[in-house]
Amino acid sequence: MRPLILLLAALSAAPASAERLTLDRLHADPALAGPGVRALRVSPDGERVTFLRGRADNQFQLDLWEYNMKDKTTHRLVDSKKLVPNENLSLEERARRERARTASLSGIISYSWSPDGKQILVPIAGDLYLVDVKNPDAARKVASGNVGDPKISPKGRYVSFVRDQNLFVIDLTTGQERQLTSDGKGTIHNGEAEFVAQEEMDQKTGYYWAPDDSAIAYRHFDEAQVPVARRFEIYADRTEVIDQRYPAAGDPNVVIDLMIVNPATGAQKKVDLGAEKDIYLVRADWSGDAKTLVYQRQSRDQKRLDLVAVDTATLAQRPLFTETSNTWVAVPADLRFLKSRNAFIWASERSGRNHLYLFDMTGRLLHPITKGEWGVDSILAVDEQAGKVYISSNKDAVIDKQTYAVNLDGGNADKPVRITKQDGMHDDTFAQNGKIFVDTFSDPKTPPQVSIRRADGSLVEWLEHNEVKGDHPYAKYMADHLPTEFGSIKAHDGQDLYYSMIKPSNFDPAKRYPVFLMVYGGPHSQQVTRGWGNMFKQYMAQQGFVVFTLDNRGSSRRERKFTDVIYGELGKHEVEDQLTGIDWLAKQSFVDPKRVGVFGWSYGGFMTLRLLEAGSDKIAMGVSVAPVTDWSLYDTHYTEQFVGATPKSNPKAYEQSGVFAHLDGLKSPLLLIHGMADDNVLFTNSTRLIDALVNRNVKFELMTYPGAKHGISSRAGQRHVYGMIEGFFKKNLGGTDAK
């Protein structure tokens with residue numbers, strides 16, 4: 001369960017006259033945050049920076065743009081409407097986008113460069129185009145028919161993709177299409193990542209190219225033993241019965257194999273993944289010389305992860321090392337093979353914090369690359385020539401993200417050099433050689449600004465300065481923009497819990513205000529960051545609410561001591577921390593402790609219910625959207641990782657982690673919301689809750705959305721659901737509707 005990213009944003013610099021934000025404007029074009037960009041890439045030859053940008057008349061319809069480093073011009077490279085005027089997505093593609101949290105987007109949502117920097121591969125609506133960057137209007141369709149996960153091979157000879165559960169390549173020297181697998185049908189899949197790998201292990205692909213184009217390693221799985229969840233997708237004019245292979249906690253997962261295929265001949269090899277079949281294949285990677293394939297194998301209980309090397313010529317295997325944990329081994333985000341020597345960089349939480357280590361190809365630890373009382377978010381680039389590794393981290397402030405440089409030889413492992421300077425959030429993309437990077441920066445009063453910088457952080461050029469002035473979409477709202485305050489309070493065990501707070505318009509410390517508490521609370525998510533703000537929070541503060549968010553224990557980008565607390569019983573410590581935050585709020589002179597409301601979505605919806613159950617004496621109302629109510633209904637990898645058991649092996653843990661064992665405590669008004677075609681948190685979670693509340697004669701309000709998935713992501717759906725949330729808060733808590 002990755003957190004749902006809300007699609008609202010905006011802010012910075014004051015105009016002469018201002019207007020109040022409205023919900024209609026929050027969901028209208030152009031985007032209040034300004035001309036935002038995504039999917040930034042530096043071309044392999046370093047001559048261009050490419051990115052996706054929404055259209056002026058539809059911020060969710062994306063086109064491909066470029067900034068030319070030589071002539072310093074920015075222009076649209078590929079118009080998505082010219083390629084495909086009207087999209088018609090397959091059910092498989094819609095489901096994939098839902099899991100990738102891109103369901104609201106259309107047009108070009110991904111692309112990739114050829115290694116020579118002359119062509120770009122653009123998938124759109126199931127078709128696949130090659131674009132010559134010097135003549136983009138002559139885009140050439142190279143494949144069609146529900147094409148998925150397309151790639152240009154590392155040396156540029158092939159284009160590869162998945163179609164109808166089989167793996168294909170096109171030889172670009174001859175134009176010939178070759179089908180590499182043929183058994184993909186029914187429950188058999190080739191070159192794809194299975195449901196839990198996509199949803200919970202952040203695996204966007206199911207196949208991996210050798211760096212010399214000589215071979216492809218790919219996932220082959222059979223989901224026949226995965227139980228079928230028969231669910232109803234209820235639309236406005238029809239009901240569809242969907243038989244979905246959904247591995248709920250305790251159920252069998254797919255049976256998975258790792259294969260190697262020669263793209264030129266189609267010759268196949270099978271890698272032996274070991275005697276134990278009930279495992280997770282996390283991913284596979286190739287060494288720089290293409291002679292070794294390294295795969296990650298995780299045990300079903302997720303307390304063990306093996307890194308295993310395979311000689312691709314003989315298929316002989318050797319274990320490199322094993323990571324273990326008393327709770328869970330987090331799926332590593334980073335494994336980088338060096339090109340100049342037989343060694344690799346590995347990310348591990350073995351010290352209690354995520355750090356980088358250098359190993360040789362026998363699995364021997366050479367030295368730590370980073371260490372200390374801080375952690376690494378991810379590797380951004382490795383410049384072997386300069387002996388530098390560029391990383392992102394919140395070393396200097398938990399609520400920030402900065403870019404740092406460390407020495408590959410470990411010489412400054414505990415003293416990384418900070419490259420980005422402004423406090424806030426920096427999301428950076430480096431060129432392959434590590435010499436330049438594109439920096440996307442924001443803070444609570446600055447919308448995302450994009451600049452091109454040298455490896456030392458010095459400015460090359462602004463790609464999108466995005467200053468809030470003149471005709472910027474947010475300029476006329478800036479005078480009423482409210483600042484975000486940050487702080488921390490102590491959890492019961494003494495650990496720091498960080499919070500953000502926005503006080504209402506025309507704040508008067510002598511008055512007492514209602515509270516809009518927005519919660520997520522689950523693993524893999526950090527909500528309190530010093531970045532560009534969520535505009536619904538800004539809107540609610542302008543409506544007279546104190547807007548408060550707290551990251552409880554279990555939240556991400558913290559040390560294992562902080563995250564491991566939740567193991568074995570979901571909801572217990574997270575609720576404890578949120579109630580600690582509510583108790584702190586109640587002591588503030590400007591807060592009305594009798595008018596505290598909570599809203600959450602997904603894991604946040606679960607948290608809303610558990611908070612009302614544990615604290616209806618402190619919480620006046622709650623809005624729960626798409627909540628998990630019974631963790632035995634959620635998928636294997638996520639649930640078993642944190643509950644630490646299956647429903648059969650420890651039913652008590654599931655009972656206490658769920659909602660139903662605590663329902664007698666739910667006394668405050670509740671608004672329950674769910675999409676009626678949700679394939680992530682199944683609608684059954686809410687129908688079971690509805691039944692339980694009815695049997696207890698508990699009054700509540702309900703809003704369901706026909707045809708909506710987990711994100712209720714249509715423009716009309718988003719506008720409506722946030723209107724429902726606002727209305728329920730105002731009905732139950734009032735609000736000063738500050739002017």
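How are helices H7 and H8 oriented to each other? I will come to that after a word on the model. This is a predicted model, in which local features need pLDDT of at least 70, side-chain atom pairs count only at pLDDT 80 or more, and totals for chains, interfaces and linings use all residues. Residues are numbered from 1 along each chain as its sequence is written, and side-chain values use heavy atoms, with hydrogens and water left out.

Now the helices. Helices (H or I, at least four residues) and strands (E, at least two) are DSSP runs, numbered from the N terminus. The axes of H7, residues 572-586, and H8, residues 603-615, come within 10 Å and cross at roughly 70 degrees. Axes here are lines fitted to C-alpha atoms, for helices over the stretch in contact, and angles run from 0 to 180 degrees between N-to-C directions. H7 and H8 are therefore roughly perpendicular to each other, a label that covers 65 to 115 degrees.

Next, a sheet. Strands E29, E30, E31 and E32 form an open sheet in that order, with antiparallel pairing; two strands pair if DSSP finds at least two bridges between them. E29 (376-383) and E32 (417-418) stand at the edges with a single partner strand each, so one side of each has no neighbour in the sheet. Inside the sheet, six bridges join E30, residues 388-393, to E31, residues 402-407. Isoleucine 391 stands opposite tyrosine 404 in E31.

On to the aromatic rings. The whole structure holds 35 aromatic pairs. Rings of Phe, Tyr and Trp (its six-membered ring) pair if their centres lie within 6.5 Å; planes under 30 degrees apart count as stacked, over 60 as edge-to-face and the rest as tilted. Phenylalanine 599 and tyrosine 722 are edge-to-face, 6.4 Å centre to centre with 80 degrees between the planes. Phenylalanine 599 lies in strand E41 and tyrosine 722 in helix H12, so this pair ties together parts that are 123 residues apart in sequence. Phenylalanine 599 counts as buried at 1% relative accessibility, and tyrosine 722 is buried at 0%. Buried means under 20% relative accessible area, exposed over 50%, partly exposed in between (1.4 Å probe, protein chains only).

Tryptophan 631 and tyrosine 638 make a stacked pair, 5.9 Å centre to centre and 20 degrees between the planes. Both residues, tryptophan 631 and tyrosine 638, are buried. They belong to one aromatic cluster that also includes Trp328, Tyr520 and Phe642.

Technical notes
Angles under 35 degrees count as roughly parallel, over 145 as roughly antiparallel, 65 to 115 as roughly perpendicular and the rest as oblique.
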